Structure formats: C-alpha cells, structure tokens
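The following exercises examine a protein model. Please study the sequence and the structure before reading each solution.

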Amino acid sequence: MDYQFKDIENKWQQFWADHQTYKADNQSAKPKYYVLDMFPYPSGAGLHVGHPLGYIASDIFSRYKRLKGFNVLHPMGYDSFGLPAEQYAIQTGQHPAITTEENVNTYRRQLDQLGFSFDWSREVRTSSPDYYKWTQWIFMQLFNSWYNKADEKAESIEKLITHFAANGSNGITAVCDEDTLTFTAEEWNAMSQEAQQTELLKYRLTYLRESTVNWCPALGTVLANDEVKDGFSERGGYPVVQKKMMQWSMRITAYAERLLQGLDTIDWPEPLKEMQRNWIGKSVGASVKFPIESHESAIEVFTTRVDTIFGVTFVVLAPEHELVTSLTTPEQKAEVEAYIAQTKKKSELDRMADTKTVSGAFTGSYVLNPLNGERIQLWIADYVLAGYGTGAVMAVPSGDQRDYLFAKHFNLPIVPIIDTQNIETEADPTKEGKYINSDFINGLTYKEAVAAVVAKLESIGAGKAKINFRMRDAIFGRQRYWGEPVPVYFKNGLPYLISESELPLLLPEIDKYLPTETGEPPLGRAEGWKYQNEHEYELSTMPGWAGSSWYWYRYMDAHNGQEFASKEAVEYWKDVDLYIGGSEHATGHLLYSRFWNKFLKDLGVVFEEEPFKKLINQGMIQGRSNFTYRLAPLILNVDENYAKPEVYVSKGVYELYKEGDFDTIEQIALFYKDLLPEGAELGEMEFSKLHVDVNIVNNDVLDLAAFRQWRSENKNAIIILEDGTVVYPNDSTEQESKYICDSEVEKMSKSKFNVVNPDNIIERYGADTLRMYEMFLGPLEQSKPWNTNGIEGVFKFLRKFWRLFHNDQWEFTVSNEAPTKAELKSLHKIIRKVEEDIERFSFNTSVSSFMIAVNELTDLKCNKRAILQDMVVILSSYAPHICEELWALLGNEAGTLSYAAYPKFNPDYLVEDEFAYPVSINGKTKMNLSIALTLEPKDVEAFVLANADVQKYLDGKTPKKVIVVKGRIVNIVI
C-alpha cells in the first residue's frame, strides 16, 4: 500500500496516548535528561506554523536522547493566566476560565496531531488552583524572608526578628529600604506590633511601596515595560501613562550580584546574557549629596565619574522625583507641571531609548557643589528615571554627550576638566590627562583624582564609594481579575499573610470584570470576600510572570498536594538540561525565573543555583504576505457618499504604471473614466497596497473566486489580470492570464492575513512532513520566511523512504540478505551525520542528509532489513509516525521504537577500498572504472587496458602512453 499518512499518524497518536509511551519515571538507572519548551499562553487563535518550530526541535532532541539511553523528561503545560482572556471576558461576560479551557483544548489537539513526545501526565496550568496554590506559597516564603548580605542569602524573617529583640538593628547588613530605622533591643521590644510590622516591611523580599508604574486606564491595570510600545498598550493600542501607586514589589535587587555572576556558569546565547548584564547594570562609583540652597536636605546622586564633580554645571531630577513639587518655584510652576504631564505619556523604555530629543524644565531652585559651594541650577528631564539610582544625576556636559546636548540646548555652562579634552563639537569622556579647573585635584591622574575626591566626600559626610545596579525591584501586582490572588489581608492598613493551611486562596466570583466605580481592581466587586469575614484581602492579583517563574519544578512532581515538588523528585531531575524559547523573554521570564530559583535554593527546597543549564533561542518563522493593488484615484464632482468602484490590478500592470508606461497609464485612465457617473472627473491616480489572505493565493497567483468570497466588498470587484484582461463580477470564463499578487516577508500575524494554520498543512501533507519541513527551512536559531514551495519535496522524500520497504505492487517486502559495502557505507554516513547534527542542534542539515541517503539506497535497490531497520531508528526522531509504522511492519513490538538503541557508527564502513577512476582517451573522459585502491599504477594500467569497453574505444590501436595517477585518474594517449 502506498504511503497513507493520515491513517498512520492517527493510529500512532492514539497508540502513544493510550499507552502513555512518553511517561517519564522520577527514578531510573538511566542518566536523566530534562528538555523543556517555554510553555505557551493558550490564545484564541491557536497555533500557526511559526509556533511549533521550537517544539519540533526539542522533540527531535528528546526522542534522540531516549535512543541514546537517557531517561528523558519532556513535559508541556500552559501559562494560562493572561490579559487576553480577561479582555474577552470584559467584552462578552464569559468567565476567563471558560475561554481558557476552550483555548487549551484547541492547543492540545494541535500539539497532539504534530506527534510530540510530551509526558502529558505532568501537564500544568498556571490558572489551576492546585498549581497557583504553590505560586501563592512561594509568595508567602518571600514575604517571610529577608536578604542577609553577611551570608549572601535569604533567611527567615524570624531570624531577623530574634536579632532585633536581642541586639536591635546593630550588626545587621541587609538589602533593604533606604529609610530603615536605627534602634536598640529595648526600643524594638517597646514598639507596637504595627510599628514592628511597618519596619519589617522594609526588609521583606516582597513588600508594599509607592512605585511609578505604567498605568493603562482603558485596560484598568498596570502594564510591564515590555507590554508598552511608544506610549500605548501592546494589546489594544490604548494610551499608557506614568502613575504613582501603592504596589507589591519583589526585592530582586538583593540577588543582583548573584544574577550577574551566574551568567558565567550557564550555556546561553551570548547576546541574551549580555542583555541581562546590561539590564542588571552593575556600576562602581560613588554617591554624592548636593545640599539644596536654603533647605536643610540634599539631593543624592550616584555617579561612576566622581572625578568630574568640578565639571558639574547643573543637576537633573526625574520628573517623578518626590522633591520636584516642593523645589519648584512659583515662577516655574506652570512650565514644570506641563513638562511632567508630557512625560507621563511616555513609558520608561521609550524615555531610555530616545537619545535624540532634548527636553527639560528648570525648577527655579539651586543646589550647591559639596566640595566648593558653587551654585548649580536644578532641572527636571525625562532622560532621568525615578527608579534608577536616586532619580537624580549630576550633569557634566564636558564629559557626557547627553549632558552636552542638554547644556547646548538650554545655554548652560560647559567646563573642561581635563587638559586633554576636546569639547568644541561634542563631549569628551576621556580619563587620560591631568585635571584642570578642579580645585584640589588639579594636576592629578584619573586614579589619583577618584581616590582623593572619595576621601574628601567621606571626610565631610557628603558622599561615599558605592556599587550601584541599574536593575530595580520588580513590581508584583496587576489591577485585574484573571491572575493569582495574593494571599494577604490587611489589618490597620498593614499586610498579613493568611495561613498556609488556607491555601489556595481562590479567585472569587464577580459580576463583571471591570474595576469598581470607585476605581478599585475587579476583585473589589466580590461580595463578602473578606478574611475571616473581617479583614480586606489584597485586591490586586499577581503579574503574568509569577506562575512561569517556577513551573519547571512542578513538572517534576505535578500531582503532589503536600509540597510544590518532593525533595526526591527535585534531587533526581535537578535542573533543566535544555531549554528552548524566544529571546524576547531575556529581561522578563528568564530573569525572574533565575531570581526565584536562587531564592528557592536559599530556602533549601531546590539544590541548583541556576534553573536552565543550556538555552537555545529559536528564530522566528516569518510570514510571507501577499498583496493586491486596488485603484484609489481622486474623483471630483461626486456626492460625498459616492462609493468608488472596486478595481484591482495585477502586479505586472501596477509595475508598468509606476514605471511610467504611457499605454498602460492611458488605458487604465480611460477604463476608469468609463466607470464613473456622468459629470464626475478623474483626478490624480493612486493605488492602495492591501494585504490579502495567503490561504487563497498559490505561488502568488490569486484564486479569484475565493477572493470574491473572502470579503463582501470584493464580490463586485473588477479585476485586471496580468495581460490586461478585465474580469467583471459574475464572469466565470476560464482565463489564460492570472492575477499575480505582490509579496513581502513580515511577522506572521492575523492582521496581515499571512497566518498559515498547521492544521491545513497536516491535512494535505501530514505531520511528519511538516516537522521535517520546518527543520529544513534553515538553522534553528535564525529567522526565516515561511514558504510552502519546498514542502512537496519533503513529502516526496517520505514517500520514497516508504517505497524502500515495498515492491512495485506496494507490498511490504524486506530482505534478510547481508548488506553490501555500498549499502553499509550509505547507512553509516547517515548514522554519523545525524548524530553530529543533532548534538549541535543543526537539524536542517540532517534533513538534506536523509534525502541523500534515501536516494543512494534507492539507486542501490536496497531492501535489506539490516540497513532499513537502522534507518527507521535514525529517522524516527524527525518523522516518528512513519517510522513507528515501519518498525512494527519489520516485526518489532509496537511502541518499542522510542526506546530502541541509536545505531553505533562504525568508521570501517567508510574506509574506501575502491575508487572510480575516470578513464580518459586523449584527454576526453569516456567512463569511470571501479578499481581496488591497493593496486599499484602498473596493475591499474593492465586492468584498464583489459576492459572490453576501453578496447572498443581503442579500436585496435596501441596506446603511445598510459598515465596513471593512483587514486585520481587514468589517461590513455593514442
């Protein structure tokens, strides 16, 4: 029987599900290998062909590792809390859980039909109460912990309380808020419970504080930086403003140094590691206090160039800085308030990225240089961020380009401070030379100046040496419904944890999914939702990254109701050996996951410092968009409600028009004029380039009937084909010419109508073809456009492979004869090639090698069991369905292929003992003769001259000369 891929794939997918073929054990004599994909958010659209790329790669590797004798854990689940389901709930009233369940079912069906070897017995969903119970539990551990810098680890808050009770604050070195109190044991013990809890909040690893956030009024929630683009929400395109709110935060800054150092221990792409290094942003420098003129307080700044302090000509505050209001003079109030309002429309990412725009406002106040008392103007500008450092910078325009542009724009002084500086056209940040205009450090070198300035600042109490990090504590709250409830209640305005025995704290039912009329988050709508019927719960929910920051551990022990994962399971699986996902998560999920992992290690419940040993960022499969060209001319003297005729021109016609082809221009103009009502005039001719659904286009040729059905406005369209033929509505005449669409490579998205559903590809070619084709498109890490032009070749390859096992009547026919040297050579070439390719994740080159091997075996008419059975094992990682079927047809027990042994490479079979010598007569190649390489040149000559075909060419003539180059050529001169 010919290759019946539909029947084969349905059969084996059902078999794998029924027999739990890929279920992994938590204990095994085999070495463990943990392969993980970044689990998806189950969107309503389901998967498109770009989504499975990483899943296919990880599945190939997982299957290969099983063949190599590993106990492989390859799980899958869903990051199922998310804003899209909530937005749909707002629009329709349908509970997000219902929407999520429907979407999960779609994803599961699509994932199953791709033949992935997931251990579905360990499936997790972040929105399931039995999962988020443990997300809440981790939050509680963070709340009950502080970071002890002396031990460089998190410790129980009880240890801190015990120390306070015995010793007061003396001897504590912690990562904590700046405004912690200094107190004795007696003073601590005399404090009220509320006072103690208020102080402890300054130390806890998760805490409440007023933060500047990205607030989206239309969505009614705070958004993360990566959810905001150009001042608008990524979802929905709604305006986003900067707003100060009381928010939960995670003290990720406590782990900044460990996060930085850990990057040197993991096998991740260097560009991604560099993104995290830059995000963490370690800086060695000094903090300096600039006294405010006529005030008792000071502005504190952090600088990495304290040596330039005498070049400071202005100080800049972030517009959100808490002192801006009090330091703005009445004369400057209107200007400052207008500037603050303008800044609120930008996200912090936008402000950081915009290095060209110069803007700011003078507060009217002054600060004093702490070393010479010089009076310095105090400004605000959006390039300073409230959350980075102290929210203030000392501006040295001679050494910093941004400060230089600011000073030039606002006509502020620029003072050179090093004798080698050239600042005529731009700032010069040099450290070479001797200091000038710099008081007591004049004449010193850079290192000498830094030491001298720091010493002076410390001696007068105006500053100190300091290490700073750009990374800020992570905001941990969203004003929405569909997220994990925070297990906290409030008493006298202070947060307290519920009991662990009361977990999970379930999401309550509410009447609608909008903020309350008084502006509270949606959970404020829950009737009677109070802790012990008395205390208010926290009304924010956790952010989207909460559930994804530990999920790989839950896979290790997915059904444990007593702990987030057993010690035995964690000790066995340890960490993720291979993690595949997108680089867009570099400073989000991947950073937060490392943070939580380090905290859990400090807690003693996990044992590895880093969660993911090796990370691969798969590239994006981009869409290949198609376009039509619609005439969009200016029409004069018509009613404002006049509907223009829908006229589309083929790509070739459009290009002739744009190139200025006179005949084409004239013909189109005359044609269009005939369509206009009497009295109307044709103005300037323009074209609209419009996306068209790629599913009604084949090799850039538009299906006209499908196009008319695609959208109602297309029904009456007039279409001009490539040769100028005009096709009117209801014209079903077969046309020789075609409508050719234009094309571009773009991101695959619904809005561009270039989404290709894998269901359609699988229906036409099968899952094995799709799996191999996605790998064939190019290197895993690179982005590449989707193009179905080559998929037919992959399908034909699989059919050709199937054919090796069948005779001309499509009967299964395999021989038990011993294989030939040539057959063994083909087999062992592919054994080695695929093993090398998979180990270095070069999946695309394996696909090409498979095709070569099957072509060679076809030419050799090979149907030997000894060859074909090993070929089935080798190919099974890429095309599991066809290989399972052939494995069973070969007489093996069904389902055992996944745990067979990968064939061993024998280099002896690749040793050449014969060579096909090109035989030339008078320099012209006539044939190739296979001759043993052991023969010496004189023996080769005798062998060639004895050949009957050679004698025919010689035609009885005696050669004048025979040239033999051993292992290369034979040339006969006559």
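**Exercise 1.** In what order do the four strands of the open sheet stand, and is the pairing parallel or antiparallel?

**Solution.** This is a predicted model, in which local features need pLDDT of at least 70, side-chain atom pairs count only at pLDDT 80 or more, and totals for chains, interfaces and linings use all residues. Residues are numbered from 1 along each chain as its sequence is written, and side-chain values use heavy atoms, without hydrogens and water.

Step 1. The order is S20-S19-S22-S21, with antiparallel pairing; strands are DSSP E runs of at least two residues, numbered from the N terminus, and two of them pair if DSSP finds at least two bridges between them.

Step 2. S20 (494-497) and S21 (530-531) are the edge strands, each with a single partner strand, so one side of each has no neighbour in the sheet.

Step 3. Strand S19 (residues 488-491) pairs with strand S22 (residues 535-537) over two bridges. Opposite Phe490 stands Glu536 in S22.

**Exercise 2.** Identify the residues that touch the most other members of the largest nonpolar core.

**Solution.** Step 1. A nonpolar core is a set of buried (under 20% relative accessible area, 1.4 Å probe, protein chains only) Ala, Val, Leu, Ile, Met, Phe, Trp, Tyr and Cys residues joined through side-chain atoms within 4.5 Å.

Step 2. The largest core has 182 residues, and Trp596, Met772, Phe801, Leu875 and Tyr878 touch the most other members. Helix H5 (residues 129-143) contributes the largest share, nine residues; helices are DSSP runs of H or I with at least four residues.

Step 3. Apart from this core lies another, of 47 residues, including Ile376 and Ala407.

Notes:
Buried < 20%, exposed > 50% of the residue type's maximum accessible area, 1.4 Å probe, protein only.
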